[in-house]
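Me: Hi! I am new to reading protein structures, and I would like to learn how to look at one feature at a time. Could you walk me through this one?

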Amino acid sequence: MINKRWPVRTGILELVYYTGSNWLSFVTWRLRLVIKIIAMSYFLRLSIAFLVSAIADSQYQPDWTSVDSRPLPQWYDEAKFGIFMHWGVFSVPSYGGGDGSNAESEWFWWDWKGENATWDVEFMQKNYPPGFTYADFAPSFKAELFNPDQWAQLFLNAGARYIVLTSKHHEGWTNWPSKTAWNWNSVENGPHLDLVGALAKSIRSLPNSPIHFGLYFSQFEWFNPLYLGDKSAGFTTNTYSAQVSQPQMFELVNQYQPDVLWSDGDWEAPDTYWNSTGFLAWLYNESPVKDTVVVNDRWGSGCPCTHGGYYTCADHFNPHTLLKHKWENAMTVDKQSWGYRREATLSSYYSIEELLVELVTTVSCGGNLLLNVGPTSDGRIMPLFEERLLQMGAWLGINGEAIYGSHPWTYQNDTVNSNVWYTSNGTGAVYGIVLQWPSDNVVTIGAINPSTVTALSLVGYGPLNWSTNGSLLAVQLPYLPLDTPLQWAWTLKFEGVSH
């Protein structure tokens, strides 16, 4: 006799027990049914396997070969010009103190406590009481004059096509209410405002705005105990990346849907520690911005200029030559610092002429220019930064056809005139941007091969006269009035020229 509590749920013994003398016919029926189910299951599994395989083939896998193969969304290449903002608790001391690369105010905490830099130690001893900590700066980061609508309008007037705001720098402070930054974020401390959310809303509220919203994100945090623990273990553990940096990136993408995710602070650890390819596969396959988002190349030691989306390679990267891969020149109006610094003098800032040299040479060689300004702790973009941005916008308002949506031409720099750089618009027009007005009003050019149908004009002015001298082209520039809006750099438009 079979014990009913015996844990047999299928098979001949169970069938005999429950069916008595009619068990044989029942078994036959059940066997046929089981065979049918097995057959159906087999074909279902084949179908599912085929579907999964098809999906897998169309998605990006968590390896560099796969994620690097993703085409860059077209909007980014067409944008050409963006605005960067470094803003955080470091904006309170807003002090660089050092010379050259050591004057970066956004590195204040590290210079003070990590390097014991003389200038920062003396600055703190002179201006703050003993025992004052870096965290004590946070309540003074009030952003009480922050007007995101005003910022958005300024960026629009500056001609920007994308902006990148610091969501978190190496200090670990987050400009949004991150779940993993308790009391070290802009909602629970300092401004008591979601700065990321406020600016994202204002940018997207601009009527017919051409501006894409983006975010900078530092992977590491100088003094986070979890990160320091992983670092001391040679990054054989990933407590910090699993519990802090990865969750924060998911928060940013899901909550604010940035079109640019500008990674930084990655260089001490390999990309495997940051789970970079895993995150990027999710970003490209499943995220709410999978079709529009672009990323840079700072995803772990050895990644810059090798892996990721567009290349940044290094700060203020400008090779002055055409590259095969899309790249970006990230630089700052302040020659020495990304964050605002109070000790800067007028000579600390690039002139509009110098900035236009960067824009023109960058775009001519296939890159984008991402120009940084550092807001103040009370939420202002100080007047000199504002002036530079508005000057850039005024120039682009006239000469933008040579920049936005342009492509590198056969030549980047002219063959005989180092002050002329070229772009093309894909419809036959070639633009030669003159960076220095010649004293005799004649621009000599070697790269253009004119014909009887060649037409030449000065953008914003009109047709120009030209002549040839052997293989050289001499362009006669006009005498412009003193109040002309055509200034700083001038665009020659050639139509009907051979490439």
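**Reading the features one by one**

Reply: Gladly! Let us begin with T491 and the residues around it: leaving aside residues up to four places away in sequence, T491 touches W395, N399, A402, Y431, G432, I433, S457, L458 and V459. Please keep in mind that this is a predicted model.

Me: In which strand is T491 found?

Reply: Look at strand 15, which covers residues 490–495; T491 is found there.

Me: Is T491 buried or exposed?

Reply: To decide, we look at the relative accessible area, and under 20% a residue is called buried. T491 has a value of 0%, so T491 is buried.

Me: With which side chain does the side chain of T491 make a polar contact?

Reply: The partner is the side chain of N399, at 2.8 Å.

Me: Thanks! Let us move to disulfides. How many does the structure hold?

Reply: First the general idea: a disulfide is a covalent bond between the sulfur atoms of two cysteines. Here the structure holds one. It joins C305 to C313, with 1.7 Å from S to S.

Me: Why is the disulfide of C305 and C313 called right-handed?

Reply: The handedness is read from the torsion about the S-S bond. For C305 and C313 this torsion is about 70°, so the disulfide is right-handed.

Me: How accessible are C305 and C313?

Reply: C305 counts as partly exposed because its relative accessibility is 35%. C313, in contrast, has a relative accessible area of 18% and is therefore buried.

Me: And what about C303 and C365: buried or exposed?

Reply: C303 has a relative accessible area of 1%, so C303 is buried. C365 counts as buried too, at 0% relative accessibility.

Me: Now the backbone angles. Which phi value does A143 have?

Reply: Phi of A143 is near 50°, a positive value, and A143 is not a glycine. To find A143 in the picture, go to the loop between helix 6 (118–127) and helix 7 (148–157). A143 counts as buried because its relative accessibility is 7%.

Me: What is the phi of H316, and where is H316 found?

Reply: H316 has a positive phi of about 55°, although H316 is not a glycine either. H316 is found in the loop between strand 5 (294–295) and strand 6 (327–332). With a relative accessible area of 30%, H316 is partly exposed.

Me: Last topic: pockets. How much space lies in the largest pocket?

Reply: For a pocket, we read the space and then the lining. The largest pocket holds about 280 Å³ of space. Its lining has 19 residues, and E104, E106, W107, H170 and D315 lie nearest the centre.

Me: How do the residues of that lining divide?

Reply: In the largest pocket, eight lining residues are nonpolar, five are polar and six are charged.

Me: Which residues are closest to the centre of the second largest pocket?

Reply: They are E171, G172, W184, E221 and N224, out of 15 residues that line this pocket. About 230 Å³ of space lies in the second largest pocket.

Me: Which helices each supply at least two residues of its lining?

Reply: For the second largest pocket, look at helix 9 (225–232) and helix 10 (239–256), each of which supplies at least two lining residues. The lining of this second largest pocket divides into nine nonpolar, four polar and two charged residues.

Methods. Residues are numbered from 1 along each chain as its sequence is written. This is a predicted model: local features need pLDDT of at least 70, side-chain atom pairs count only at pLDDT 80 or more; totals for chains, interfaces and linings use all residues. Side-chain values use heavy atoms; hydrogens and water are left out. Helices (H or I, at least four residues) and strands (E, at least two) are DSSP runs, numbered from the N terminus. Buried means under 20% relative accessible area, exposed over 50%, partly exposed in between (1.4 Å probe, protein chains only). A disulfide is a pair of cysteine sulfur atoms within 2.5 Å. A polar contact is a pair of N or O atoms within 3.5 Å; within protein, one must be able to donate a hydrogen and the other to accept it, and residues adjacent in sequence count only if both atoms are side-chain atoms. Contact means heavy atoms within 4.5 Å. On a 1 Å grid over the protein atoms alone, a cavity is a set of points where a 1.4 Å probe fits but cannot get out, and a pocket is an open set with protein on both sides within 12 Å along at least five of seven lines; lining residues have an atom within 4 Å of a point. Grid points are joined across faces, edges and corners, and a volume is the space filled by probe spheres set on the points. Ala, Val, Leu, Ile, Met, Phe, Trp, Tyr, Cys and Pro count as nonpolar, Asp, Glu, Lys and Arg as charged, and the others, Gly among them, as polar.
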